[in-house]
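Subject: A structure for you to look at

Hello,

I am passing a structure on to you, along with some notes on what I found in it. Please open it and keep it beside you while you read.

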Amino acid sequence: MWIYLAAGFWALIAGIQAQIAWNNRSILPLLLAIESALVFWRLLNRKEDTGAPQPWYVTAIAWASVFLPMGIASLGPAPILASILSGAGIVLTIWAITSLGQSFGIAPADRGLVTRGPYQILRHPMYAGALLNAGAVVAWTPTALNIGLLVLIIASIVFRVYIEEKVIAGYSEYAAAVRWRVIPFVW
């Protein structure tokens with residue numbers, strides 16, 4: 001039942017973002033609407049977790065890392081570089097969600113290892129895209145709240161990465177073939 005509520009939430013967010021895109025004739029909200037619509041679709045059409053259930057706090061941290069970026073507020077129009085970086089992050093996230101197919105999920109689970117698309121380059125490209133998008137917004141609006149939220153987002157993503165790498169079958173072989181987790185040449 002909860003999955004239908006979550007999917008409904010993402011459908012609502014997609015609609016709001018599409019309306020903002022239409023009203024402002026802006027590409028970034030349109031990209032966010034596409035991303036949210038994909039999350040809606042993937043939540044309803046995903047594989048079952050074949051691994052052991054995760055503790056409640058793992059699920060809570062995963063969902064928090066998804067909702068935290070919604071608290072980041074931008075003030076006024078973004079500089080062109082920030083818009084490009086934000087858009088690139090959203091496009092990377094869309095590509096990752098599309099590549100995941102039915103293996104998509106919010107909380108860490110074993111729904112099958114995906115090695116196609118951006119997963120050939122980074123082990124966690126969806127998180128890389130989310131960080132690029134959130135980081136670009138925080139860079140152009142570096143308020144104390146935004147910086148604090150970004151720190152929490154980074155911490156929650158690092159936590160999710162380590163948990164996912166433990167629960168997905170065949171991950172050690174994949175990690176040997178794809179070196180970088182989230183940031184090329186760094187981590």
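To get started: in which helix is the place of isoleucine 154? Isoleucine 154 belongs to helix H6, which covers residues 144–167. Please keep in mind that this is a predicted model, and that the values below are computed from it.

Threonine 143 lies 11 residues away from isoleucine 154 along the chain, and 17 Å separates their C-alpha atoms.

Now for the overall picture. The protein chain has seven helices and zero strands, so if you follow the sequence you will read the pattern α-α-α-α-α-α-α. The radius of gyration is 16 Å, close to the 16 Å that the globule rule gives for 187 residues, so the chain is as compact as a globular protein of that length. Along the principal axes, the C-alpha atoms fill a box of roughly 45 × 40 × 30 Å.

Of the 187 residues in the protein chain, 45% are buried. The accessible surface comes to about 9,900 Å², and carbon and sulfur atoms account for 70% of that. Among contacts with a separation of 6 or more, 78% are between residues 24 or more positions apart. As for charge, there are 11 positive and 7 negative side chains, and the centres of these two sets are 6 Å apart.

Is serine 36 buried or exposed? Its relative accessible area is 4%, and the cut-off for buried is under 20%, so serine 36 counts as buried. Apart from neighbours within four places in sequence, serine 36 is in contact with Trp10, Ile13, Ala14 and Gln17.

Enjoy exploring, and do write back with your questions.

Best wishes

Conventions:
Residues numbered from 1 in each chain as written. Predicted model: local features only at pLDDT ≥ 70, side-chain atom pairs only at ≥ 80, totals over all residues. Heavy atoms only, no water. Helix = DSSP H or I, 4+ residues; strand = E, 2+ residues; numbered from the N terminus. Rg over C-alpha atoms; globule rule 2.2 N^0.38 Å. Buried < 20%, exposed > 50% of the residue type's maximum accessible area, 1.4 Å probe, protein only. Contact = heavy atoms within 4.5 Å. Areas by Shrake-Rupley, 256 points an atom, 1.4 Å probe, with all protein chains shown as cover. Lys, Arg positive; Asp, Glu negative; His and termini not counted. Charge placed at Lys NZ, Arg CZ, Asp CG, Glu CD.
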